[in-house]
Amino acid sequence: MRAGIRQALIDNIPELANCYEPNVPNKDTLKPYAVILQGTDDEESKPVSFVSNIEIWLYEKRTTFKKLDSLYKQVVKALHLKTITDPTTNQTFTAVFNGTIGQDIVDEEWDAIARGISFKVIGLHNDNSIESVDEWVEAISKYTQSLVNTDVYRDCFKNSINTPSVLWRVVDINQRAISPCLLNIEKILVCHVVSDNRKQIQNILDTIINDFSIKVKIPLSIKERRYLTVTGIKENSEADMITQGQLTVMFNRKHFVDEDNPIMEHIYGNGILN
């Protein structure tokens, strides 16, 4: 992971002399340079493969903070919501900007000024690591794509995250028998809206919520006249857009079960029907 981040910084910020592990630089190291500190990885299931935290520290000559400001902006631009591939492991991930770390540091002994930047690093699944077999996800994804005109992912983020984009995934399934031949199927789906623009995220969320609230029924198969009924919508616009998702939607539909029971051949009775 660090190799991929290092390469992304060097490729996109020509002013950087180099990018190092924490124990490499000394007071004579050519400036400006960056240092990467990696936190522990947390294994995740859908929609991402892992989550980790990293810190990037920028070191510049002790002259003016304007140069440090410029480097800081370039680091965020190079990493935030960009798809990065580690050249040593072929692992694909993205980074989400978390802000700066405390105040800028002035180191008189090293004749340097420094600024720390925090990122959340999110691992992306490989194309073949998770296969979607849920027709509800596919139908809702296609419907959403026509609604908001943006990329829509199924089940998980695979190899890349375009912005803006949407992801749908199933988090819960329940079914209840109404009769021997009729089931009520309920599924809870979570919707992720990803963008670096909060207003754009809210606009997409509002579009989906308003449409689902008005139409109530989402086509599962128009040809077969099968539809999904929206039974509940819950929004949390402050939820993490990649690991959690901001919208929870409940759907249900009735499903007839074909049983191979013998057909009734005779009816016997006695008495008189008036």
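Start by selecting residues 217-221 and 226-235: these are strands β10 and β11, antiparallel and joined by 4 bridges. Strands here are DSSP runs of E with at least two residues, helices are runs of H or I with at least four, and both are numbered from the N terminus; two strands pair if DSSP finds at least two bridges between them. You're looking at a predicted model, where local features need pLDDT of at least 70, side-chain atom pairs count only at pLDDT 80 or more, and totals for chains, interfaces and linings use all residues. Numbering runs from 1 along each chain as its sequence is written, and side-chain values use heavy atoms, with hydrogens and water left out.

Now click on I218, whose bridge partner in β11 is L228. Then hop to the turn: 4 residues sit between the strands of this hairpin, and R225 has a positive phi near 55°.

Next stop, the largest pocket, with about 390 Å³ of space. (A pocket is an open set of points on a 1 Å grid over the protein atoms alone where a 1.4 Å probe fits, with protein on both sides within 12 Å along at least five of seven lines; lining residues have an atom within 4 Å of a point. Its volume is the space filled by probe spheres set on the points.) Select S195, R198, I201, A239 and M241, the closest to the centre among the 18 lining residues. Colour α4 (198-215) too: this helix gives the largest share of the lining, 4 residues. β5 (92-107) also supplies at least two.

Finally, zoom out to the whole chain, with its 4 helices and 12 strands.
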